[in-house]
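Please read this briefing beside the sequence and the 3D view. It starts with charge and overall build, then turns to individual residues.

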Amino acid sequence: MVYAVDKPSQVPLVVLSGGGGGARLAAALSKCTAQRPVIVVTNIGDDFEHLGLLICPDTDSVLYATSGKLDRDRGWGREGESWQVLDAIQGMAGPSWFQLGDKDLALHLLRAEQLRKGCDLAGVTQVLSERLDVPEGMTVIPATEQSVRTRVVTEEGELAFQEYFVGRRCEPALRDVVYEGIGDASPSPSLLAALDACVDRPIDVVLGPSNPFLSLGPILGIPGMLSELRGRARRVVAVSPIIGGRALKGPAAKIMTELGLPASAPGWTQWLAKRYPGFVDTWVWDDADRGLVATLPDSYDVRVTATVMSEPGIGEGLADWLLEVCSVAP
Ligand code: FO1
């Protein structure tokens, strides 16, 4: 799938996404595709085999969010779900710890059918995007075609991601995170083809308000990904998942504390800047952290705005604001 860009303003915005925060930002940006096409690169470290199906939670959350079908309260799965199959599985003493709704299962069965036909992950995701009516100009591409699986090293030993996240509700203290298979992974060829199509115009990159350890780590850790994005980007913007010392959803703040890092927007900024030197140009914090901007050296380009996408209107405001920030070279 090659990207057809015809006007400077048609240069894609590339968004890296994982978890509920990334999906919400992708949904907000899906309203702006008339101004700029958007490529959402999704984390696959949460993916796993379950009931003989390949489950791709962070990709599916973006597919549902951008097509207006996400259950906004849960932040995953489809709204208006029913659970007949799950109940029947439970009735036959099958695994029901990972809640797959009936409509969600339809997507998993169609993905399994496409994979069995030999379609790659990017191709399957494109088919599902079309069938879910993801808006024109919005392309969802899993970060790599290879298998990368996040494993969480906790005080109780190593846990597979979903065992930690769903099975144990993120309770065990995290000591380290391992991305199994990432050394053999490479950026998705479909992503590189889309980026190559913008050969004489720079893209802009936005790191969504996603968990840096569990969602962005498995994307940015793919050999070559950082240089492919940095080498093509006019501006790289990162949106903080930590607001007022807390993560709106998920364990990002808890993990930072467990790793001895300050669970704050400055703490997140300085950790990311150290982990990926020279990658991010502009740091976006929520209004709630405006008073902390002065705690960082002036060399950090920190911008403050409303980042809590509690209502679709706020999300769209953030999306427009990000397009504005990205329209000016650093
Ligand atoms: N998260 C849960 O906490 N409990 C679940 O039962 C659950 C089921 C589920 C099914 C499909 C799907 O796409 C996501 C699901 N999630 C569930 C979220 C999943 O654990 C994601 O990995 C997290 O959203 C973190 O990205």
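**Charge, then the rest**

The protein carries 30 positive and 42 negative side chains, and the centres of these two sets are 2 Å apart. Lys and Arg are counted as positive, Asp and Glu as negative, while His and the chain ends are left out; each charge is placed at NZ of Lys, CZ of Arg, CG of Asp or CD of Glu. The model is predicted, so local features need a pLDDT of at least 70 and side-chain atom pairs count only at pLDDT 80 or more, whereas totals for chains, interfaces and linings use all residues. Residues are numbered from 1 along each chain as its sequence is written, and side-chain values use heavy atoms, with hydrogens and water left out.

**Overall build**

- The protein contains 12 helices and 14 strands; these are DSSP runs numbered from the N terminus, with helices being H or I of at least four residues and strands being E of at least two.
- A compact globule of 330 residues would have a radius of gyration near 20 Å, and the 19 Å of the protein agrees with this. The radius is taken over C-alpha atoms, and the globule rule is 2.2 Å times the number of residues to the power 0.38.
- Along the principal axes, the C-alpha atoms fill a box of roughly 60 × 50 × 40 Å.
- Of the contacts between residues at least 6 apart in sequence, 69% join residues at least 24 apart; a contact means heavy atoms within 4.5 Å.

**Surface and burial**

- Buried residues account for 54% of the 330 residues. Buried means under 20% relative accessible area, exposed means over 50%, and partly exposed lies in between.
- Helix 2 (residues 57-66) is mostly covered, with 10 of its 10 residues buried. Among them are Asp58, Asp60, Leu63 and Tyr64.
- Gly68 follows helix 2 and has a positive phi near 70°.

**Aromatic pairs**

- The structure holds 7 aromatic pairs. Rings of Phe, Tyr and Trp (its six-membered ring) pair if their centres lie within 6.5 Å; planes under 30 degrees apart count as stacked, over 60 as edge-to-face and the rest as tilted.
- Trp283 and Tyr300 make a tilted pair, with 6.2 Å from centre to centre and 55° between the planes.
- Trp283 belongs to strand 13 (residues 282-286) and Tyr300 to the loop between strand 13 and strand 14 (301-305), so the pair ties together parts that are 17 residues apart in sequence.
- Trp283 is buried at 4% relative accessibility, whereas Tyr300 is partly exposed at 22%.
- Phe48, Trp97 and Phe98 are linked into a cluster by ring pairs.

**Positive phi in one loop**

- Most residues other than glycine have a negative phi.
- Arg169 is not a glycine, yet its phi is positive, at about 50°.
- Cys170, also a residue other than glycine, has a positive phi near 65°.
- Arg169 sits in the loop between helix 6 (161-167) and strand 8 (174-180), and Cys170 lies in the loop between helix 6 and strand 8 as well.
- Arg169 counts as exposed, with 61% relative accessibility, while Cys170 is buried, with a relative accessible area of 9%.

**Distances along the chain and in space**

- Thr139 is in strand 5 (residues 138-142) and is buried, with a relative accessible area of 9%. The C-alpha atoms of Thr139 and Val14 are separated by 9.5 Å, and the two residues are 125 residues apart along the chain.
- Gly80 is located in the loop between helix 2 and helix 3 (84-91) and counts as exposed at 59% relative accessibility. From C-alpha to C-alpha, Gly80 and Val127 are 22 Å apart in space, and they are 47 residues apart in sequence.
- Pro189 is part of helix 7 (residues 189-196) and is exposed, at 54% relative accessibility.

Notes
Buried < 20%, exposed > 50% of the residue type's maximum accessible area, 1.4 Å probe, protein only.
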